[in-house]
Amino acid sequence: QVQLVESGGGLVQAGGSLRLSCAASGSIFSVKAMAWHRQAPGKQRELVAHITGGGITNYADSVKGRFTISRDNAKNSVYLQMNNLKPEDTAVYYCAAVITAQGMSTSAYWGQGTQVTVSS
């Protein structure tokens with residue numbers, strides 16, 4: 001059984017910062033790519049940032065220069081540092097990871113989501 005647990009969401013004023021964390025646990029053999037997605041009310045879920053097992057990163061244009069994704073392979077964790085937040089960043093943020101379990105099956109896993117609200 002593999003789980004992803006997110007933390008760090010909350011309410012912040014425009015221009016402020018938040019740091020999201022996500023830890024994978026369970027019967028893990030290896031963690032490959034990890035990513036953060038978000039879904040705002042009435043909108044489709046979108047990719048925010050992605051990081052490969054080797055540390056190569058990719059960002060949505062809307063967050064480039066403001067958000068930074070990083071990972072700690074020893075802790076099977078991924079982070080999202082969000083600076084200069086804007087009201088349009090308000091959404092539920094989801095952690096996702098491609099994980100090979102101890103039984104050697106590889107699947108995509110999702111966290112339960114954490115709410116980020118940016119007030120103007």
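Start by selecting Asp61 and Lys64: their side chains meet in a salt bridge, 3.1 Å from N to O (a salt bridge is a side-chain nitrogen of Lys or Arg within 4 Å of a carboxyl oxygen of Asp or Glu). Asp61 is exposed at 64% relative accessible area, while Lys64 is partly exposed at 48% (buried means under 20%, exposed over 50%, partly exposed in between, with a 1.4 Å probe and protein chains only).

Quick housekeeping: this is a predicted model, where local features need pLDDT of at least 70 and side-chain atom pairs count only at pLDDT 80 or more, though totals for chains, interfaces and linings use all residues. Residues are numbered from 1 along each chain as its sequence is written, and side-chain values use heavy atoms, leaving out hydrogens and water.

Next, pick Arg38, which is buried at 6%. Arg38 makes a salt bridge to Glu46 at 2.7 Å between the closest N and O atoms, and another to Asp89 at 3.0 Å.

Hop to Tyr93. Leaving aside neighbours within four places in sequence, Tyr93 is in contact (heavy atoms within 4.5 Å) with residues including Arg38, Trp36, Leu80 and Met82.

Last stop: Ser77 in strand β8. Ser77 counts as buried, at 6% relative accessibility, and a polar atom of its side chain lies 2.9 Å from the backbone oxygen of Lys75.

Terms used:
Helix = DSSP H or I, 4+ residues; strand = E, 2+ residues; numbered from the N terminus. Polar contact = N/O pair within 3.5 Å; in protein donor to acceptor, adjacent residues only side chain to side chain.
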